[in-house]
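Please walk me through this structure.

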Amino acid sequence: MGLVAQAVASGIVTGAIYALIALSLVILYKSTGAVNFAGGDVVMTACYIALLVLVGFGLPYWLAALAAIAGLFVIGAGFDRLVIARIVRQRHAHNSLVALVIATIGLSDLLKGSVRLFGYTDNVQTLPPQFTGPPLFLGNVILLRQDVGIVGVTCVVMLLLYAFFRFTRLGKGLRATADNPRAAVLIGIPVQRMRMLVWAIACGLGAIAGLLVAPKILMTPDMGVIVILAFAAAVIGGFTNIPGVIVGGFMLGIIENLVGIFISTAAIAVAPFIVIMAVLLLRPQGLFGGNPTFRKV
Amino acid sequence: MTLRSLLAIAALLVGINTANAFPVGAPEGPYKDPGITDTEIVIGLFGPESGPLRNFGFDAMGAAQMWYDMINKTGGIWGRKIRLVIDDDRCDPTALNAVIRKLVTVDKVFLLNGGSCTAAVVAGQEYVTREKVPLIMLNAAGDGALFPPTRYVFGAFGGTQLTVGGTLVDFVAKELKAKKIAYLGSDDDFGAANLAAGKFMAKKHGVEFVAVERVPRNLVDLTAPMLRIRQANPDAVIITTYPQSATLAMQKVSEFQLAMPIVAAVQAVPNPASLVKTVGNLAAFKNFYYGSPLNDLTDGPRQKWVIDMYKRAFPDRKPTAFMAYGLPSAQAVTYALMLAGPNPTRESFVDAMSHLHFVTGVMAGPIEFGPDRRDGHNASIFIKFDGTKSTRMPGVYVNEFRGK
């Protein structure tokens with residue numbers, strides 16, 4: 001029993017990380033239709049920016065965190081302005097999806113190549129955990145304070161995001177743009193600026209995820225592969241359903257650990273993909289997604 | 001040990017352990033193979049000079065280079081100077097294939113000395129075998145290119161992954177007196193080789209594997225495998241994963257407060273200080289050891305001569321932990337060229353390589369090749385690391401598993 005409880009507790013922590021990264025992917029997809037294959041590298045870049053500020057410049061952690069979030073916010077906005085906006089302006093709309101995907105893959109390579117320039121990539125790195133102290137014991141279950149912090153901060157970020165989209169004028173504008181861009185233009189919403197803002201917010205969200213996960217999963221230039229698991233979480237939850245994506249993230253973290261305990265460690269890597277296949281077969285819109293919609297072409 | 005005495009011992013051992021005595025005569029063309037004249041012999045030296053895996057080979061290439069320079073300064077081999085053509089394979093199989101083709105066809109080298117990463121160097125095996133060009137690996141483990149042995153490819157100067165797995169169990173059984181072992185390794189061919197040799201040595205020592213956990217390289221949460229290991233209650237845990245997984249495992253050692261000895265393979269701990277920093281808890285290292293194919297700590301007295309030599313050759317560089325790994329392959333090339341006589345061919349060079357047996361002065365054990373043996377090194381030392389201080393454990397540990 002203790003074994004299962006420990007596996008579930010650790011799975012919730014890992015799941016929170018998946019959920020946060022998945023969230024950054026989904027808000028972008030919902031608002032712009034772009035699937036960001038650089039989502040994992042955004043997380044990775046934020047970690048290295050924070051490390052550079054922390055170690056390279058010797059500044060305090062809060063400044064490093066701020067620099068990482070602001071840096072990725074700017075990178076996201078800049079990427080939209082310089083690349084995505086040009087692609088969207090192309091007349092051949094049927095090609096633009098492919099172009100968007102290629103552009104995000106390009107961003108992924110650019111970010112990976114750039115962090116290697118700073119000389120911190122020779123060894124596995126980490127950022128200092130912000131929640132320290134002796135572990136907490138819940139019966140037989142050991143909980144690190146950092147893990148509790150990760151789940152707590154993730155929940156707070158999700159709530160703030162929910163409030164932003166639900167209650168603020170800007171958030172409502174973003175939702176309107178996502179739901180019907182033409183109608184949004186007609187009522188005076190600056191759609192292009194909104195799209196740029198979504199890219200910036202999504203990258204900023206990725207940066208927060210990076211700051212949280214770095215002490216947990218460690219930093220290497222290839223840590224961005226975690227985005228595959230975030231995609232899995234998004235597919236399981238329903239790619240357009242934000243609460244579903246969050247639940248999908250937590251589910252994935254727990255499933256991985258239970259598979260590792262009861263089946264085999266070797267099966268952990270394939271477990272998410274088996275779950276994805278099962279979900280796509282039985283409920284293609286995801287566990288929490290709405291009914292699938294079809295558009296005439 | 002001075003360089004002069006080392007060379008003397010090495011030359012003596014090479015002489016004693018080879019069927020041929022030193023041939024006599026003087027260089028005289030025409031030559032059957034490219035890359036050799038009366039005055040020079042051309043060697044293609046390659047490794048990762050750029051890219052994410054640069055650290056594995058850049059300094060090792062430097063060590064080989066300084067050895068060849070030293071040989072040239074002392075008169076060359078049979079009066080011939082060694083001329084290096086240096087290229088960058090980025091540890092990438094495609095790039096390595098392009099590099100060796102260019103070195104052989106454009107630069108017309110006599111032999112190839114390079115390769116710091118197994119996957120890349122294995123990709124070059126087919127070409128050198130077809131073209132009958134000797135390939136002496138730099139510091140790649142190279143299991144896939146060495147088992148089964150083929151005529152033109154020599155390597156594993158730092159040991160194969162069989163060596164890693166076998167010596168870990170040898171150490172755990174002999175020094176730590178463990179009877180029940182848990183194994184955490186990667187789920188690729190490296191992990192398979194570590195485990196195969198480990199199991200062989202475990203059987204030999206009467207040791208039982210109570211948990212075998214093989215994890216994918218990019219697994220971000222090692223809770224499940226470490227919980228299974230904790231439940232198996234082993235006397236010692238062996239870790240042969242890549243550094244990131246090893247660090248995550250050590251974090252779990254700290255989190256689950258595991259007290260048994262943890263013994264890590266060299267590939268898991270490229271930088272002990274960095275490991276401590278990323279694990280973030282000194283208590284996890286209370287009972288921690290790691291293996292090394294070198295004959296001492298990287299700053300130990302037995303490594304001093306090569307460090308000093310490197311600093312003289314490259315005053316502006318600070319040698320990394322992988323530097324000394326590059327020396328033995330260059331030593332082997334020069335010794336085999338000596339043995340192959342004044343007018344060597346690629347075939348006579350390969351014959352000489354096949355009989356080499358020498359002490360490097362930097363590795364834990366001797367370099368030994370044979371007619372059916374292409375992996376040169378098969379020993380490790382072990383280092384106790386408490387998080388701040390490294391102490392070499394007594395003895396040299398050997399793998400006795402020779403593959404299927």
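Predicted model: local features only at pLDDT ≥ 70, side-chain atom pairs only at ≥ 80, totals over all residues.

B:Gln257 sits in the loop between helix H9 (243-255) and strand E9 (262-264) of chain B. Its backbone deserves a look too. The phi of B:Gln257 is positive, about 55°, although the residue is not a glycine.

Phi of B:Lys132 is near 55°, a positive value, and the residue is other than glycine. B:Lys132 belongs to a loop of chain B, the one between helix H4 (118-131) and strand E4 (135-136). Is B:Lys132 buried or exposed? B:Lys132 counts as exposed because it has 12 C-beta neighbours inside 10 Å.

A further backbone feature involves a proline. The peptide bond from B:Phe147 to B:Pro148 is cis. Its omega is near -5°. B:Pro148 is placed in the loop between helix H5 (143-146) and strand E5 (153-154) of chain B.

Now return to the loop of B:Gln257, which runs between H9(B) and E9(B). Strand E8 covers residues 236-239 of chain B.

Strand E8 of chain B has partners. E8(B) and E9(B) pair in the parallel sense, over 3 bridges. In that pairing, B:Ile239 stands opposite B:Ala264 of E9(B). Strand E6 (residues 180-186) of chain B also runs parallel to E8(B), and 4 bridges join them. Here B:Leu184 has B:Ile239 as its bridge partner in E8(B).

Step back to the whole of chain B. The chain is divided into domain 1 (3-159 + 297-373) and domain 2 (161-292 + 381-398). Taken over C-alpha atoms, the centres of the two domains of chain B are 31 Å apart.

Next comes the contact between the chains. It takes 30 residues from chain A and 28 from chain B. On the side of chain A, the elements that give two or more residues are helix H1 (2-32) and helix H10 (242-262). H1(A) supplies the largest share, 5 residues. By class, the chain A side divides into 16 nonpolar, 11 polar and 3 charged residues.

A:Gly206 is placed in helix H8 (residues 191-217) of chain A. Why does A:Gly206 count as buried? It does so because it has 35 C-beta neighbours inside 10 Å, where 20 or more is enough. Leaving out residues up to four places away in sequence, A:Gly206 touches A:Ile21, A:Ser24, A:Gly39, A:Val42, A:Val43, A:Ala46 and A:Leu72. A:Gly40 gives another view of this spot. A:Gly206 and A:Gly40 are 166 residues apart in sequence. In space, they are 7.7 Å apart, C-alpha to C-alpha.

Technical notes. Residues numbered from 1 in each chain as written. Chains lettered and ligands numbered in written order. Domains from an automatic or database assignment. Contact = placed C-beta atoms within 7 Å. Nonpolar A, V, L, I, M, F, W, Y, C, P; charged D, E, K, R; others polar. Pairing = 2+ DSSP bridges.
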